[in-house]
Amino acid sequence: MKLMYKLRTNLAANIIGTLVLLLLVFSWLVSVIGYISFTNAFKREYSETTYHMANTAATLVNADRIDDYLADGGSSPDYLQSKEYLDTFCVKMNLSIVYIIKVDTTDYKRFTAIFDSVGSDTPYTPWEIGYQQDTTNDEYAELYRNIYENNLELGTVYRTKDLKGAPPHITTLTPLKNSQGKVVAIMCIQRPMKELKDSRRPYLINIAITTNILAISAAIFADLFVRRELIKPVRRVVSETVRFAKENKKGEELGAVSKIYEISSLGLAIDTMETDMLNYIDNLTEVTAEKERIGAELSVASIIQENSLPNIFPAFPERKEFDIYASMTPAKEVGGDFYNFLLIDNDHLAFVIGDVSGKGIPAALFMMVTNILISEKAHTGITPADVLTEVNNGICEHNKADMFVTLWLGVLEISTGKVIASNAGHDDAMIYRSGGEFELLKTKHGLVVGAMQGLKYKNFEFQLGEGDKLFLYTDGVPEATDKDNRMFTIERTVNTLNENKEMPPHEILDAVKESVNKFVGDAPQFDDLTMLCIQMNGKKEDNMLTVDATIENLAAVTEFVDSFLEENDCPMKTQMQIDLALEEAYVNIANYAYGDETGKAEIGISKNGDEVTIVLKDGGIPYNPLEKKDPDTTLSAEEREIGGLGVFLVKKNMDSVFYEYRDGKNIFTMTKKI
């Protein structure tokens, strides 16, 4: 008991004991952290390599023939060869199972086996092709759903304990897509995790041995250091104090001991340092809190700005006539660039891109106000020039900061491809004609919005045909600079567009952004990078008839169109007007398009809302009937010039007519509200 009491009250024993205890706790913490870190790192490595294995295995199967494999029961040479490849891959890669399943997408609770390869040292029995099984595991069912519906590229399931005879393993699921990019099946790879246990055990043993050796060494060193540097000096002070108390004689002056310059200086220095440190911490805490507050506000502002722009693509998945994609990458947390697009009605798409003067929060606020005003005015159906005029007047009334914005605003008539647009000091758009190259669409510019009240902006028009593309951008693209202060330029922008001209809009924008980033390199981004691209896919015609362009087929053409009109409850008077216009247009093709030869005529009809569109195509001699001057109907038949009356009747009976020559064909389009 006396020994224990002395140990508990001994300064050296308390210091060394506490230190040893702390080192042991530290050793335990290091082991736990090492265990967790090793396990997580191992899982990440396993997940990544297994994902690559799944992608490699997917190349061994023709995804376009999944349904064929099920239909012929796996008897085709193509299936047998793929099965052999998968079996070999499973064995060579030391995998438990490689299997491909087709999931019932009604509820994702049932699947059908297509391929199933089993490793050499596993408890599994391979499924036959066509084997069906219910999925009782909700985790797998949810992964199936995300792969089919949400384009999930990787799903991973860990099993670290034995389950129904199956040893610990990792299962990786990846989509199997056909040549059209549609998910048709799921590739699943199961890999045993025996290596995790085998590798982790010696790793933990090494950590335990190392940390314990270090703890013991540190304890020995601490004991020697504490005894020499702390215990002995304290004992000298204690000894002198006891001697003075017992002898009550003048001895070594304690005042001298307690007033040593180094000790008092150290105490004063520590006091001063603590005071300074506390003040510094208080100031630092205040500055950090302010910085965090500003950072949080900027983060919220960035999210608000991002959500104020349409950022879900495809934007109009139900509309197949066109495709649109846009992106905005701010130079700071928030930017002054913006884009927007919206359907004014079923046949008109408004789209805009703008660049506000300045950067940061003021530009972002100005940008959001401008975007809201444009959206409100565009919904009223007025022309782009009128929209810009009203927005400019509204901004100028409250523009005390003297900010301004460049704008390019257009409205696309989806059924015809006609674009009406207006430009307020913005960079010229770039246009691609199907089969050609991207080039600048040079137009007249108005003054920037916000510069002066009372400005009147002007419209301009152009046509987008099937396969044509329109590319809008802010000056952050051509004026992006590298570390040598060289600009990306309009020329490089056009070249990049032409290198990717056949790509869809989102791939075009990705290519331009990648090209700009590669050019800029490590140089900081000084300006916002904003782009928008529209592609006309062509109006899908609900009905199409192809006949020999002869007078004898006029009845078949009329019957084809009348049948469609009757199905859509077209009034008889309107049907007669359409029939008259159709007859004039078709007879013109039959008589003149191919001369003495007989060619083909294509007649397509579709309905959009309450409007019917009829398209007549022929591969004959290029001829625009709309160039013919309308006859003077005030004159008698003998006095009028010959020709032109048929086209005149077409114009009178239809709401609009349009001609273009594209891809070697005359295309004559007529529309009529029914």
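Q: Over how many bridges do strand 11 and strand 14 pair in the antiparallel sense?
A: This is a predicted model, in which local features need pLDDT of at least 70, side-chain atom pairs count only at pLDDT 80 or more, and totals for chains, interfaces and linings use all residues. Residues are numbered from 1 along each chain as its sequence is written, and side-chain values use heavy atoms, leaving out hydrogens and water. Two strands pair if DSSP finds at least two bridges between them. Strand 11 and strand 14 run antiparallel, and the number of bridges between them is four.

Q: Which strands stand at the edges of the open sheet of five strands?
A: Strands of a sheet pair through backbone hydrogen bonds, either parallel or antiparallel. Here the pairing is antiparallel, and the strand order is 8-9-10-11-14. Each edge strand has a single partner, so one side of it has no neighbour in the sheet; these two are strand 8 and strand 14.

Q: Which residue of strand 10 is the bridge partner of phenylalanine 351?
A: Strand 9 (348–356) and strand 10 (405–413) pair antiparallel over nine bridges. In strand 10, phenylalanine 351 has as its bridge partner glycine 410.

Q: At about what angle does helix 9 run to strand 8?
A: Axes are lines fitted to C-alpha atoms, for helices over the stretch in contact, and angles between N-to-C directions run from 0 to 180 degrees. Helix 10 (384–396) lies across strands 10 and 11, at about 30° to strand 11. Helix 9 (360–378) lies across strands 8, 9 and 10, and its angle to strand 8 is about 15°.

Q: Is threonine 474 buried or exposed?
A: Threonine 474 sits in the loop between strand 15 (469–473) and helix 11 (489–499). Beyond its neighbours within four places in sequence, threonine 474 is in contact (heavy atoms within 4.5 Å) with residues including Asp337, Gly354, His426 and Asp528. Its relative accessibility is 0%, so threonine 474 counts as buried.

Q: What is the volume of the largest cavity?
A: On a 1 Å grid over the protein atoms alone, a cavity is a set of points where a 1.4 Å probe fits but cannot get out, and lining residues have an atom within 4 Å of a point. Grid points are joined across faces, edges and corners, and volume is the space filled by probe spheres set on them. Strand 8, strand 9 and helix 9 each supply at least two lining residues of the largest cavity, and among the lining residues are Phe341, Phe351 and Ile374. One cavity of 30 Å³ or more is found in the whole structure, and the volume of the largest cavity is about 40 Å³.

Key:
1 Å grid on protein atoms, 1.4 Å probe; cavity = no way out; pocket = protein on both sides within 12 Å on 5 of 7 lines; lining within 4 Å. Buried < 20%, exposed > 50% of the residue type's maximum accessible area, 1.4 Å probe, protein only.
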